[in-house]
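Work through each task before reading its solution.

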Amino acid sequence: MRDLPLREYRPVPALRASAHEVRRASTSAVDVHNHLGRWLGPDGSWAAPDVGALLALMDEVNVEAIVDLDGRWGEELEANLDRYDRAHPGRFATFCHLDWDEAATEGFTERLVASLYRSVAAGARGIKIWKDLGLHVRDAHGELLMPDDARLHDVWAAAGELGLPVLIHVADPIAFFEPMNAENERLEELLANPDWSFADTERFPRFWTIMSCLEAVVASHPGTTFVGAHFGCCAEDLAWVGRMLDSYPNFNVDIAARIAELGRQPRAARDLIVRHPSRVLFGTDEFPPDADTYAIHFRFLETADEHFAYSTEDTPPQGRWAISGLDLPAEVLQQIYSANARRLVAGL
C-alpha cells in the first residue's frame, strides 16, 4: 500500500454526519450560467440534445428558466434563439458573444459594437465574455488584448446603453497560474487537462494582473451591469470579492462551478452572501444539466449538512475535499435563486 498511486486512492469517510436530500429547489430557480448550444460540443452537437427532456427536468427540480450562454452571434445566435427562447418563451434567455477574431484587424471597436446592436435586435438578453479575453485574444500587432484596453471602452459602454448584463469570466482558478508541482492543489485536474495551465509567465499574464483589469473595467463603467462568473472569478479569495461588492454597485457574482471553493469555507461564504443577498446569482455551469447535480447545489445552499461531496464523480474534479452547506435564510434563497436574475436579465 505504500506505493499505491494517489489516483487509485478512494477513501470512504467513516464520518457519520447529517444528510438531507434536496431534490427540488425550495423556491423557483433560474440557472443563470449554463451551456445549451453547440459552441462547446466537440462534434458540434447541441449540449442539450432533447429540449423536451430538459424542460421536464427543469419542472422536476423547480428550475423555472436557464440562461443559455452559447448564443455566439449571427446565424448561431439565431439558431439558439429559435431552439430555446422563441420556442419556449420565459424558460430560456440566450446571451450573445463577441467575435474576437475581429481584434486582429484595426478598427475592430466599431465592428464589435455594431455586432452587439445586431445581437440585441435579434433577441440576445446579455453578453458572455470568456477567459480568452486577456489570455489568448491578440490585436493586429500580436499583443494580448486585456479587458481594460481603451479600445473596448465603447463595447462596455454599449452594453450599458443596451441594458445588457455582461457575464464575464476572466482568468481561472488561482492554482492554474501556479507551477504544476507537488504543491499545486489542482495538480490532478491540470495533469488531466494540461492546456488549462497558465503557469508559463512568458505566454500568460499573472492572475492578479487580469483581476486588476477586471476591476478597472467595472470601476470605469458604473452604468454597465457586470456579473463576475464563478463567484467573481476569485472564489479562493472572498476578501477580494467582498471588497468588489462593497465598492461597485454594478458588480454581481454567480456561484457557477464554485461550490467546491465556497463549501470549504462555508462560514465566510455564508457571511458574504448574507451581506450582499441582492448581488449573488444561482448558476451551475454543469452541462447538460441533471437532477443529481442540481440536488447537490440545493443541498449546499439550503442545508447545514457537513462534509459531503460537491460532485457526482468518484474522484472530486476540483480537489480532494468535501464541502459543507450554507443553510441560507429563506429570504436570501429567494433572491439568489431567482429574484436577482429576473431583475438583471430581461425576458425571464
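**Exercise 1.** Are H1 and H11 roughly parallel or roughly antiparallel to each other?

*Solution.* The model is predicted: local features need pLDDT of at least 70, side-chain atom pairs count only at pLDDT 80 or more, and totals for chains, interfaces and linings use all residues. Residues are numbered from 1 along each chain as its sequence is written, and side-chain values use heavy atoms, without hydrogens and water.

Step 1. Locate the elements: H1 covers residues 51-61 and H11 residues 291-302. Helices (H or I, at least four residues) and strands (E, at least two) are DSSP runs numbered from the N terminus.

Step 2. Take the axes, which come within 11 Å and cross at roughly 30°. Axes are lines fitted to C-alpha atoms, for helices over the stretch in contact, and angles run from 0 to 180 degrees between N-to-C directions.

Step 3. Classify the angle (under 35 degrees roughly parallel, over 145 roughly antiparallel, 65 to 115 roughly perpendicular, the rest oblique). H1 and H11 are therefore roughly parallel to each other.

Step 4. List the contact (heavy atoms within 4.5 Å). Leu57, Glu60 and Val61 of H1 meet Ala291, Tyr294 and Phe298 of H11. Five of the residues in this contact of H1 with H11 are nonpolar, none is polar and one is charged. Here Ala, Val, Leu, Ile, Met, Phe, Trp, Tyr, Cys and Pro count as nonpolar, Asp, Glu, Lys and Arg as charged, and the others, Gly among them, as polar.

**Exercise 2.** Describe the packing of H3 on H4.

*Solution.* Step 1. The axes of H3 (residues 108-122) and H4 (residues 153-162) come within 9 Å and cross at roughly 20°. That makes H3 roughly parallel to H4.

Step 1. The contact of H3 with H4 divides into nine nonpolar residues, one polar and two charged.

**Exercise 3.** In what order do the strands of the five-stranded sheet run, and which stand at the edges?

*Solution.* Step 1. The order of this open sheet is S4-S5-S6-S7-S8, with parallel pairing. Two strands pair if DSSP finds at least two bridges between them.

Step 1. S4 (127-129) and S8 (280-281) are at the edges with a single partner strand each, so one side of each is left without a neighbour in the sheet.

Step 2. S7 (residues 251-254) pairs with S8 in the parallel sense over two bridges, and Asp254 stands opposite Leu281 in S8.

**Exercise 4.** How is the aromatic pair of Phe282 and Tyr337 arranged?

*Solution.* Step 1. Rings of Phe, Tyr and Trp (its six-membered ring) pair if their centres lie within 6.5 Å; planes under 30 degrees apart count as stacked, over 60 as edge-to-face and the rest as tilted.

Step 1. The structure holds 16 aromatic pairs. Phe282 and Tyr337 lie 5.4 Å centre to centre with 75° between the planes, an edge-to-face pair.

Step 2. Phe282 is in the loop between S8 and H11 and Tyr337 in H12 (residues 330-344), 55 residues apart.

**Exercise 5.** Which peptide bond is cis, and where does its proline lie?

*Solution.* The bond from Phe287 to Pro288 is cis, with omega near -5°. Pro288 is in the loop between S8 and H11.
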